[in-house]
Amino acid sequence: MTTPKVFIVIGPAGSGKTTIAQQTAQEHDAAYLDKDRICGRFVEFALKAAGHDPSDRESNGFYRENVLPLEYETLMDVAGANLRLGRSVVLDAPFGAYFAVPDYLTRAAEEFHWPPSEIIVVRVHVPQTLLRERLTRRGLERDRWKLAHWDEYWAAHGSLDCAWSGVRFLDLNNEKSLPTEG
């Protein structure tokens, strides 16, 4: 059996993560795991049930402290189930809350019993002006807070500086779609 691969596609909302992640899954015959598709309905329900706006996740302390960790734990658990079957996976999620934790992936792999696998982090970059234009054009409710608080959002989510160890980084400028090793 060949060593499965874990492709983690990161970038801010509107950067093209989903498109890149889906293309990567097709190219590598990998399972496509989108955090929002796996957990989105439950997250919205939990936020509404707790009396919070389901579209405001960036500034919501309840979400960040209680719900966000469960989303990522679920994603990593589902990834582990696929990897144990020998299936490569593509994870489509921002992951920004965990960029500063060097051993985040090592701990997740251990906790969720990932077999040995090659981890490739695809950082999807896009210029700030183009990103804002894309979010405005797509008109999603979940982007309302981001656009209303643009400077704060960009300051927190515009950088893809990631301290993860034991991974290979691949940078992709989604304005031109040209990958470069990093």
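**Close-ups of a core and its salt bridges**

**View 1. Arg 138 pairs up with Asp 143.** Arg 138 has a relative accessibility of 33%, so it counts as partly exposed (that label covers what falls between buried, under 20% relative accessible area, and exposed, over 50%, using a 1.4 Å probe and protein chains only). Asp 143, at 0% relative accessibility, counts as buried. The two form a salt bridge, and their closest N and O atoms are 2.5 Å apart (a salt bridge here is a side-chain nitrogen of Lys or Arg within 4 Å of a carboxyl oxygen of Asp or Glu). Keep in mind that this is a predicted model, where local features need pLDDT of at least 70 and side-chain atom pairs count only at pLDDT 80 or more, while totals for chains, interfaces and linings use all residues. Residues are numbered from 1 along each chain as its sequence is written, and side-chain values use heavy atoms, with hydrogens and water left out.

**View 2. Glu 118 meets Arg 168.** Their side chains join in a salt bridge, 3.2 Å from N to O. Glu 118 belongs to strand 4 and Arg 168 to strand 5 (residues 168-173), so the pair ties together parts that are 50 residues apart in sequence. (Strands are DSSP runs of E, at least two residues, and helices are runs of H or I, at least four, all numbered from the N terminus.) Glu 118 is partly exposed at 31% relative accessible area, and Arg 168 is partly exposed too, at 35%.

**View 3. Arg 123 and Asp 171 are both buried.** Here the side chains meet in a salt bridge of 2.7 Å, N to O. Arg 123 sits in strand 4 and Asp 171 in strand 5, which links parts of the chain 48 residues apart.

**View 4. Four charged residues form a network.** Lys 35, Asp 36, Arg 57 and Glu 71 are linked by salt bridges. Across the structure, there are twelve salt bridges.

**View 5. Ile 8 sits in the largest nonpolar core.** This core has 35 residues (a nonpolar core is a set of buried Ala, Val, Leu, Ile, Met, Phe, Trp, Tyr and Cys residues joined through side-chain atoms within 4.5 Å). Helix 3 gives the most to this core, with eight residues. Ile 8 is among the residues with the most contacts inside the core, along with Met 76 and Trp 114. Leaving out residues up to four places away in sequence, Ile 8 touches several partners, including Leu 91, Phe 95 and Trp 164 (contact means heavy atoms within 4.5 Å).
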